[in-house]
Amino acid sequence: MTVPASAADNIILILDFGSQVTQLIARRVREAHVYCEIVPFHAAAAAIARFRPKGIILSGGPASVTEATAPALAPEVLAAGIPVLGICYGQQAMVQALGGRVAAGTTREFGRAEIEVVQPCALFDGVWVLHQSASVWMSHGDRVEALPDGFSVVARSQGAPFAFVADEARHFYGVQFHPEVVHTPDGRALIENFVLKVCAAQPVWSMASFRETKLAEIRAQVGSGQVICGLSGGVDSAVAAVLIHEAIGDQLTCVFVDHGLMRLGEAEQVVTLFRDHFHIRLVHVDASAQFLSGLAGVSDPEAKRKFIGKTFIEVFDAEAHKVGGAKFLAQGTLYPDVIESVSFTGGPSVTIKSHHNVGGLPERMNMALVEPLRELFKDEVRALGRELGLPDVFVGRHPFPGPGLAIRIPGEVTKEACDTLRQADAIYLEEIRNAGLYDEIWQAFAVLLPVRTVGVMGDGRTYDKVCALRAVTSVDGMTADIYPFESAFLARVATRIVNEIKGINRVVYDYTSKPPGTIEWE
C-alpha cells in the first residue's frame with residue numbers, strides 16, 4: 001500500500017491477531033484523522049522498520065495465549081520504545097511477553113459490563129472520572145491474573161480484576177474490553193486519546209488524502225492496462241467505478257451483469273446513471289436466464305452464493321475477451337465483506353460466510369483484482385462517493401448484496417419468487433420513504449420465506465407464502481440493531497403487501513440484531 005505523503009512519520013501500526021473487528025480499530029484511528037496500517041502479527045518487525053510508527057495497537061483474537069501454538073507478540077514491538085495499546089488478546093499477549101500471567105477465567109464475560117475506575121490514566125483523561133463506573137463491551141474467557149513489573153490496575157470489572165492496566169513510564173496500556181466497538185460508548189475517545197495524546201500523532205488524514213492515495217495506487221497497479229469493473233447497481237461498485245475512472249479514464253470499461261436478481265427497476269437505473277450521467281464505458285449483459293436456470297433446485301445458501309460468484313466470473317471472462325485484453329478486474333469489495341470471508345491480512349480470523357466478490361480469480365482468467373475500497377466501511381464509502389461528486393440520492397442508498405434477491409429467498413430461487421419479492425420490497429421501501437424514515441435506517445428489505453400459511457381473503461381460503469420485513473440501524477455493518485418501527489407503520493405495510501401482491505398472505509417483522517444474526521438472512 002502507498003502511504004500518503006502527509007502521513008509519513010505519522011502512522012499508527014495495528015497488529016492483527018485474528019479478531020473479527022480488527023478493522024474497527026483502524027476505523028477509530030481514521031476517525032481521529034490519523035493514518036494507520038494493519039499487518040498480521042507475524043510481520044511486526046518488518047512493519048516497524050518500514051513505517052516507523054508513532055504507536056502500535058494490538059488487536060484481539062480467537063486464540064488463547066495459554067496455548068503453545070498461540071500467536072506470539074514479536075519482541076521488537078515492546079523494544080521499539082513507542083506507545084503500545086493491547087486490546088483483549090493483545091493485552092494478554094503483552095502481559096505474558098513481559099513476564100505477567102494469563103489464565104483461563106473462572107467467569108467469562110461476553111457483552112456489556114461495568115468497570116470501576118480506580119486510578120488516573122492518560123488514556124481516559126477527560127473521558128472517565130476516578131472512582132466512578134463506565135460501560136464497556138467484553139468478549140473474553142481468559143484473563144490476566146498477575147501483572148508484569150511496572151504495571152498497575154487503573155480499572156477493574158467483576159469478572160476481570162485487571163480489566164484496564166497501564167505502565168505509564170513506558171506508555172504500555174492493556175484493556176480486556178473492546179474500545180473499538182460501538183457498544184463501548186467511550187471507546188472512540190479512549191483510542192483518540194491514545195493516538196493523539198499518548199502517541200502525539202498529528203490529525204492530518206482525510207477522505208481527500210485517501211482519494212489521492214488510491215488514485216496513485218490504481219495508476220501504479222494498472223499502468224497502461226485495461227480494466228473491467230463489475231457494476232452491481234449498488235453504492236460500492238459505483239464509487240469504485242468512479243474512482244477508477246478518475247484514475248485511468250477510458251482504460252476502464254464497466255460491465256453490468258444483470259443476473260435477474262435486482263430490485264424493481266434497478267437495471268434500468270444503473271444503465272442510465274453510468275451511460276448518461278458519468279459517461280463511463282458500459283457493457284450491459286442480460287444474463288438473467290443463465291443465473292436463474294443455474295439456481296434451479298439449489299437451496300443451500302453457500303451453494304447459491306458460490307454459484308453466483310462462479311457464474312459472475314464466467315460472464316466477466318467472456319466479456320474480457322470481447323473488450324480485448326483486459327488485465328484487471330475491479331470490484332467494490334468492502335471490509336465487512338472481506339472479514340466475513342477471509343482474514344484481511346492473513347491472520348487467524350474465522351470465516352463467517354462467503355461473499356461473491358471476495359477471493360482469487362480462476363488462474364485461466366489471468367486477471368488481477370483491483371479493489372480500492374477493500375479497507376473501507378459502508379459509511380466511509382459514502383463519504384468517498386461525496387468526495388468524488390456522486391449525488392447524495394445515490395450515495396445514500398441502502399446496501400444491496402451482490403447475490404441480490406437470491407439470498408433474500410431462502411430455499412430455491414425462481415423467477416416467480418423474484419418477481420413476487422421485488423414487488424413486496426418496492427412497497428416496503430416506498431412506505432419507508434413516504435414516512436421520511438429512509439435515511440434513519442442503515443438497511444431495509446423484504447425476504448420471501450419458503451413457508452406457506454393458511455389465510456382468509458373474502459370468503460375464500462388461501463395457502464400462500466410469508467414475507468418477512470427487515471430493517472436495521474448500524475454505523476459500519478459489523479454490528480446492527482433492529483429499527484423500532486411503530487406498529488401502525490408495520491400494519492400499513494403488511495396490509496399493502498397482502499392486498500397488492502398475489503402469493504403472499506402473511507407478513508412478519510424480524511427483530512434479530514447482529515450479532516447473533518447477520519443482516520441478510522443468508
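**A colleague's note on the predicted model**

1. R30 is buried, with a relative accessible area of 8%. Here, buried means under 20% relative accessible area, exposed over 50% and partly exposed in between (1.4 Å probe, protein chains only). Apart from neighbours within four places in sequence, R30 is in contact with Q23, C36, W205, E375, L376, F377 and E380. Contact means heavy atoms within 4.5 Å.

2. Before going on, a word on the ground rules. This is a predicted model, in which local features need pLDDT of at least 70 and side-chain atom pairs count only at pLDDT 80 or more, while totals for chains, interfaces and linings use all residues. Residues are numbered from 1 along each chain as its sequence is written, and side-chain values use heavy atoms, with hydrogens and water left out.

3. E380, one of the residues that R30 touches, belongs to helix α12 (residues 378–387), where the buried residues are K378, E380, V381, R382, L384 and G385. What covers them? The cover over the buried residues of α12 includes α1 (22–31), α6 (207–222), α7 (235–248) and α13 (392–395). After α12 comes G389, with a positive phi near 95°.

4. Next, have a look at the open sheet of 5 strands, which has the order β12-β11-β10-β13-β14 and parallel pairing. Two strands pair if DSSP finds at least two bridges between them. The edges are taken by β12 (282–286) and β14 (368–370); each has a single partner strand, so one side of each is left without a neighbour in the sheet. On average, neighbouring strands of this sheet are turned by 30° against each other, direction ignored.

5. Within that sheet, strand β10 (residues 226–231) and strand β13 (residues 326–330) run parallel and are joined by 4 bridges. V227 stands opposite F328 in β13. Helix α7 lies across β10, β11 (252–258), β13 and β14, running at about 160° to β10. Helix α10 also packs on the sheet, touching β10, β11, β12 and β13, and its direction makes about 145° with that of β10. Axes are lines fitted to C-alpha atoms, for helices over the stretch in contact, and angles run from 0 to 180 degrees between N-to-C directions.

6. Helix α10 (residues 301–323) also meets helix α9 (residues 288–295): their axes come within 10 Å and cross at roughly 150°. That makes α9 roughly antiparallel to α10 (angles under 35 degrees count as roughly parallel, over 145 as roughly antiparallel, 65 to 115 as roughly perpendicular and the rest as oblique). The crossing is right-handed; a crossing is left-handed if the near helix is turned anticlockwise from the far one by less than a right angle, and right-handed if clockwise. Q290, F291, G294 and L295 of α9 make the contact with K304, F307, I308, T311, F312, E314 and V315 of α10. These residues divide into 6 nonpolar, 3 polar and 2 charged. Ala, Val, Leu, Ile, Met, Phe, Trp, Tyr, Cys and Pro count as nonpolar, Asp, Glu, Lys and Arg as charged, and the others, Gly among them, as polar.

7. Helix α14 (residues 415–434) holds R422, which counts as buried at 14% relative accessibility. Leaving aside neighbours within four places in sequence, R422 is in contact with G260, L261, M262, R263, L264 and L405. The axes of α14 and helix α15 (residues 487–500) come within 10 Å and cross at roughly 150°, in a right-handed crossing. Here Q423, A424, I427, Y428, E430, E431 and I432 of α14 meet F489, R492, V493, R496, I497 and E500 of α15. By class, this contact has 7 nonpolar, 1 polar and 5 charged residues.

8. Is strand β9 (residues 172–175) buried or exposed on its faces? Both faces are covered: F172 and G174 on one side and Y173 and V175 on the other are all buried. Strand β4 (residues 84–87) runs parallel to β9, joined by 4 bridges, and G86 has G174 as its bridge partner. Strand β8 (residues 164–167) runs antiparallel to β9, also with 4 bridges, and D167 is partnered by F172. The hairpin of β8 and β9 has 4 residues between the strands, and H171 takes a positive phi near 60° there.

9. Finally, V456 in strand β15 (residues 443–457) is exposed, with a relative accessible area of 67%. The C-alpha atoms of V456 and R506 are separated by 10 Å, with the two residues 50 apart along the chain.

Conventions
Helices (H or I, at least four residues) and strands (E, at least two) are DSSP runs, numbered from the N terminus.
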